[in-house]
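Please keep the sequence and the model in view while reading.

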Amino acid sequence: RPHYNNSRTAYTLMLYHLCILAASILLVTDSIGWIFDGMPGRVPFLVLTVSHTLYYSVHTFPAALYILYADSQMKRSPERSKGMEKVLFVYCAAAAAASLLSPVFGWFFTVDQGNTYIRGEYFNLFAASQFLLLGLSFFPAVFRKRRPNTKIYWTLMFFPAAAVVGAVIQYFVYGLVIIWPVTTVFIVAAGLNIQKVQIGMDHLTGLYNRMIFDETLNQYAVSADTFGCILLDLDGFKTINDTFGHDTGDRALEDAAEIIRREAVHDGTAARYGGDEFALLLPNADEDQVTAASRNIKEAVEAFNTSAGRPYTISVSMGCKVFHKDVYADAESFISEVDAAMYEHKRRKKLSESGF
């Protein structure tokens, strides 16, 4: 049963591995091109033709993969990413097809009788399309209402900025190779980001863990004027564990996490706060939006209990508050009030169930 954060992390990791593969192919083929350039003989001619063809065929992939990677880091919905995938796939496939035909028609490059590489008739068109793709790679990070973690943001900004500068220099100074060392540096930085995300994930539920929640909460308390927080406690979880066993208890935690996760799509941060407690941060939310989110969770729980067919039912107690800079001194005092509101809700539910 894949969860949003788990599936998104796997997707990001896949993009990362594909970027490594594409960059490796480009570095190898580019090196081969320089080694055999101008070397006489039929074999060097064939090697040069194959290496340059493969180089141009793969050339569009790092920037396209970067766009998808950056988009996933921005916590976009999987549906949106699939739409971008289709557009970029068509573009990369068209560029690869034209590259495969270049040895015949000389579109992007030719290898002359002296086995010297020469830019082809439509090389400038190909280069312009690459600059356009690199320009588009700024979009996921720049055109976003809320920035992610600062380190991640500047890592995402580094690749397109450095790649554009490197591409311009490389275009006008033939023989100077800059783009792929830049790509290599980005791959290392991206790997560190992926490692950070994996460290910050609760691997049972696919939600973020307490470390990421606290980090995000403190960031909001410093930089945001207002945001919402909902703390949730899974009522009767011990009874589920004692009655049906820990495997079923884990399943209940996953089910509750999936319900909460739905309210965190796009900008929200859903986390496993600890044990059978969960937390949801809603950036820029006001009282009405937080109330609506808590109502949605309540309705989703009721719908789950009606239709899921589990041997248990889910019940949650919730504490909901909105942070205002002029009301709360810091994140600690704010979360204490949210926690108190959650336990007050739990207390009232117990009194109601006991008939008092």
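How many bridges join strand E3 to E6? Nine bridges link strand E3 (residues 226-234) with E6, and the two run antiparallel. Within this pairing, Ile230 has Cys320 of E6 as its bridge partner. The model is predicted, so local features need pLDDT of at least 70 and side-chain atom pairs count only at pLDDT 80 or more, whereas totals for chains, interfaces and linings use all residues. Residues are numbered from 1 along each chain as its sequence is written, and side-chain values use heavy atoms, with hydrogens and water left out.

Both strands belong to an open sheet of four strands in the order E4-E5-E3-E6, with antiparallel pairing. Strands here are DSSP runs (E, at least two residues), as are helices (H or I, at least four), numbered from the N terminus; two strands pair if DSSP finds at least two bridges between them. Strand E4 (269-274) and strand E6 (316-324) are the edge strands, each pairing on one side only. From one strand to the next, the twist averages 20 degrees.

Helix H11 (residues 246-261) packs on this sheet and touches E3, E4 and strand E5 (277-283), contact meaning heavy atoms within 4.5 Å. The direction of H11 makes about 10 degrees with that of E5; axes are lines fitted to C-alpha atoms, for helices over the stretch in contact, and angles run from 0 to 180 degrees between N-to-C directions.

Glu277 lies in strand E5. Glu277 is buried, with a relative accessible area of 13% (buried means under 20%, exposed over 50%, partly exposed in between, with a 1.4 Å probe and protein chains only). Residues touched by Glu277 include Leu232, Arg272 and Tyr343.

Key: Lists of a residue's contacts leave out its neighbours within four places in sequence.
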